[in-house]
Amino acid sequence: MSKTVVAIIGCGTIANSAHIPAYLANSDAEIKYFCDIRKERAEQAAEKYGCGIAIEDYRVILDDPDVEAVSICTPNHCHASIAIDCMRAGKHVLCEKPAARTYEEALEMQKVQHETGMTLNIGVVNRFNTGVNIIKKMIEDGELGDLYHVYVSFRAQRSIPGLGGDFTTKAVAGGGALIDWGVHFLDIVMYCAGDPEPQTVTGQTYCKLGKDMKNYSYLNMWAGPPNYEGTYDVDDFVTAMIRTAGPSITVNGAWAQNIGVDEMYIDFLGDKAGIRLQYGAEFTIYSAKHGALLESTPKFTKTDHFRNEINSFLACVKSGERLPSHIDTVILTAKMIQAIYDSSDQGREISFVKEGARA
Ligand SMILES: NC(=O)c1ccc[n+]([C@@H]2O[C@H](COP(=O)([O-])OP(=O)(O)OC[C@H]3O[C@@H](n4cnc5c(N)ncnc54)[C@H](O)[C@@H]3O)[C@@H](O)[C@H]2O)c1
């Protein structure tokens, strides 16, 4: 079988830490282009990895019939436009999370996926995580009983990324902690709970600890250093309550809060058992039997979920198989996130339930 020729669009952190190494490790893939509007980044990649052509305009890729698949690793504001152009040019797309800045942009991407039939997967990488898949299976098999609620916490003490840069500028990122971190947490919930349709959403977002940029204290800053001349107009804290066709969900997330320890976990609450998933780490099962409270932490072989994601993408480009990260499933999370922002802006609950349809 011939190798799949791929192009990397956006040669920053996630491209270098996850996408490029995963393609290089897969003998069925060949990277033909490294593209970045900061040409030096594309050139550095071509030199470092000893392959590929460095370019600064992704439209070169559109015109090259050799390229079958692209990874879009740019900031959020150009996910939709680049993904749409690539699909229209006959390229299969793996686009980093979040799908886009807004639900409307994500719907446009979905529409073009349906029109062109090209693959459009979003980088909801936890769907390729071994532990998350074990939890999903346990829920499907009824081991938790009735999964009635999921509590989501992604709260950090001081972890605002690149203050004043792309991540804290709404016009670029679409939002802050909710769209950047919350998208992963809500995606895990949706995946494990069988992608239940959202019904009502109430949310409140806050732009508090980072807005006085010069007086924001921190120890480390990822995606830094700070740009004090830049913009900070996104949420650093979000709280929300979501009803779905499955479990209800509460969300408390923050890039920065005046708290002592980071709390990054998801509680799946069933009437037979509950699971606490420590984000990116182990999970513990809690239940009760014969008057005793039981607690167990399963041991299993962990795999690299980014490698799994990209290997699956390459395989589906050849086979046409539909992956769990398909835009059609990810769109529900985009809908919920948009509804949380809309609810906060409008000071009201957002309902997707048709009049008179609620039980
Ligand atoms: N899956 C994950 O866990 C994960 C982790 C980190 C980042 N991300 C996502 O990946 C994306 C990139 O994040 P990052 O941290 O790598 O950012 P980054 O700023 O380090 O890299 C982005 C790169 O894209 C380039 N770029 C911008 N516009 C471009 C365009 N039109 N054409 C080509 N290149 C362009 C920039 O110059 C930059 O080099 C974001 O959407 C982010 O949410 C996902």
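Two strands pair if DSSP finds at least two bridges between them. Helices (H or I, at least four residues) and strands (E, at least two) are DSSP runs, numbered from the N terminus.

The model is predicted: local features need pLDDT of at least 70, side-chain atom pairs count only at pLDDT 80 or more, and totals for chains, interfaces and linings use all residues. Residues are numbered from 1 along each chain as its sequence is written, and side-chain values use heavy atoms, with hydrogens and water left out.

**Exercise 1. The sheet**

Task: Give the strand order of the open sheet, then find the partners of strand S8.

Solution. 
- Step 1. The open sheet has 9 strands, with mixed pairing. Their order is S14-S13-S12-S11-S7-S10-S9-S8-S15.
- Step 2. Its edges are strand S14 (292-296) and S15, each of which pairs on one side only.
- Step 3. Take S8 (residues 198-206) next. With strand S9 (residues 237-244), S8 makes 8 bridges in the antiparallel sense. Thr205 has Val238 in S9 as its bridge partner.
- Step 4. S8 also pairs with S15 (residues 350-351), again antiparallel, over 2 bridges. Here Val201 faces Ile350 of S15.
- Step 5. Now move to another part of the sheet. Strands S12 (residues 273-278) and S13 (residues 283-289) run antiparallel and are joined by 5 bridges. Leu277 stands opposite Phe283 in S13.

**Exercise 2. One serine in a helix**

Task: Is Ser343 buried or exposed? Which residues does it touch?

Solution. 
- Step 1. Apply the accessibility cut-offs: buried means under 20% relative accessible area, exposed over 50%, partly exposed in between (1.4 Å probe, protein chains only). Ser343 is buried because its relative accessibility is 2%.
- Step 2. List the contacts (heavy atoms within 4.5 Å). Leaving out residues up to four places away in sequence, Ser343 touches Val201, Thr202, Gly203, Arg348, Glu349 and Ile350.

**Exercise 3. The cavities**

Task: How many cavities of 30 Å³ or more are there, and what lines them?

Solution. 
- Step 1. On a 1 Å grid over the protein atoms alone, a cavity is a set of points where a 1.4 Å probe fits but cannot get out; lining residues have an atom within 4 Å of a point. Grid points are joined across faces, edges and corners, and a volume is the space filled by probe spheres set on the points.
- Step 2. Count. There are 2 cavities of 30 Å³ or more.
- Step 3. Take the largest cavity. Its volume is about 130 Å³. 17 residues line it, and Pro98, Ala99, Ala100, Ala334 and Ile337 lie nearest its centre.
- Step 4. Ask where this lining comes from. Helix H5 (103-116), helix H8 (177-192) and H10 each give at least two residues. H10 has the largest share, with 5 residues.
- Step 5. Sort by class: Ala, Val, Leu, Ile, Met, Phe, Trp, Tyr, Cys and Pro count as nonpolar, Asp, Glu, Lys and Arg as charged, and the others, Gly among them, as polar. The lining of the largest cavity holds 12 nonpolar, 3 polar and 2 charged residues.
- Step 6. Turn to the second largest cavity, with about 40 Å³ of space. Asn126, Asn129, Val132, Ile188, Leu277, Gln278, Tyr279, Gly280 and Ala281 line it. By class, that is 5 nonpolar, 4 polar and no charged residues.

How values were computed
1 Å grid on protein atoms, 1.4 Å probe; cavity = no way out; pocket = protein on both sides within 12 Å on 5 of 7 lines; lining within 4 Å.
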